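Welcome! Here is a short tour for anyone meeting this structure for the first time. Please take a moment to look it over before reading on.

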Amino acid sequence: MKISVITIFPEFFDSFQMTSIIKRAIENNRVEFETIDFRNFTLDKHRHVDDTPYGGGQGMVLACQPIIDALRSIQTEKSHVVMLTPQGSSFVQKKAVELSQYEHLILLCGHYEGFDERIRSYVDEEISIGDYVLTGGEPAALVISDAVIRLLDGVILEDSHEDDSFSDGLLEYPQYTKPADFEGKKVPEVLLSGHHANIRQWRLKESLRKTQQRRPDLLKGRMFTKEEEKLLAEIAEEQQKEH
Ligand code: ADE
């Protein structure tokens with residue numbers, strides 16, 4: 001897969017490309033990552049990428065020409081173009097999985113007061129990483145690239161994303177490592193038992209418990225298996241006993 005980020009701050013992505021799992025994914029050719037500085041596509045001698053808004057008002061608006069020329073310089077029929085704005089649809093794990101299937105992802109980062117509205121007609125979709133306003137799209141492009149790259153074949157152990165929070169619509173179960181007792185806080189007995197079926201069921205139950213406590217919205221409209229229903233009933237019973 002190839003990811004191209006159109007930005008006026010390519011240096012923002014330097015440490016991202018040079019660190020840990022992403023660095024290894026690039027070195028092992030699992031992903032090609034590039035930045036395109038759309039300031040290099042301006043036609044005026046001052047290299048302006050923005051201008052004052054028609055109709056008046058505060059701030060500057062990103063102009064069409066440098067962005068569209070930058071886009072055209074890299075776009076092919078295989079490209080999927082995503083614009084990062086707070087007005088886009090919310091980025092969730094399902095969207096990361098969907099984006100990871102494209103051969104070429106183009107992420108377009110804005111700045112200042114926003115994009116000239118006409119730029120929207122050149123993109124495939126608009127994505128927001130949350131209900132807050134950033135100074136630019138770069139942190140959003142970074143978040144999306146990270147979430148997508150880790151899903152690509154061979155980037156992390158296959159099994160580890162099957163257990164991810166959200167991958168099956170539930171939050172991840174609690175994890176522990178040595179020692180079995182830290183300052184009197186003990187690792188649950190079942191995890192030391194070596195009994196795989198019991199461990200699997202304990203993990204499912206704790207995933208359900210955590211999701212119900214922290215993100216009940218994720219359980220709304222979910223179809224539960226018989227086993228999940230049984231475990232939820234046990235959780236409810238345990239909660240009643242606590243009160
Ligand atoms: N640009 C500014 N704020 C943003 C957000 N929340 N998500 C994506 N792009 C943005």
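The report below turns to the sheet and then to the ligand.

Keep in mind that this is a predicted model.

**The sheet**

Five strands make up an open sheet, arranged in the order S2-S1-S6-S5-S7 with parallel pairing. S2 (32-37) and S7 each have a single partner strand and stand at the edges, so one side of each is left without a neighbour in the sheet. On average, neighbouring strands here are turned by 30° against each other, direction ignored. Further in, S5 and S6 (residues 104-109) run parallel and are joined by six bridges.

**The ligand**

Now for the ligand. The residues around it include Leu84, Pro86, Ser128, Gly130, Val133 and Ala140. By type, the shell residues divide into eight nonpolar, four polar and no charged.

Of the 260 Å² of accessible area that the ligand has on its own, the protein covers 96%. Which elements give two or more residues to the shell around the ligand? They are strand S5 (79-90) and strand S7 (125-128). S5 gives the most, with three residues. Both strands bring us back to the sheet, where S5 and S7 follow one another in the strand order.

Key. Residues numbered from 1 in each chain as written. Predicted model: local features only at pLDDT ≥ 70, side-chain atom pairs only at ≥ 80, totals over all residues. Heavy atoms only, no water. Near = heavy atom within 4 Å. Areas by Shrake-Rupley, 256 points an atom, 1.4 Å probe, with all protein chains shown as cover. Helix = DSSP H or I, 4+ residues; strand = E, 2+ residues; numbered from the N terminus. Nonpolar A, V, L, I, M, F, W, Y, C, P; charged D, E, K, R; others polar. Pairing = 2+ DSSP bridges. Axes fitted to C-alpha atoms, helices over the stretch in contact; angles between N-to-C directions.
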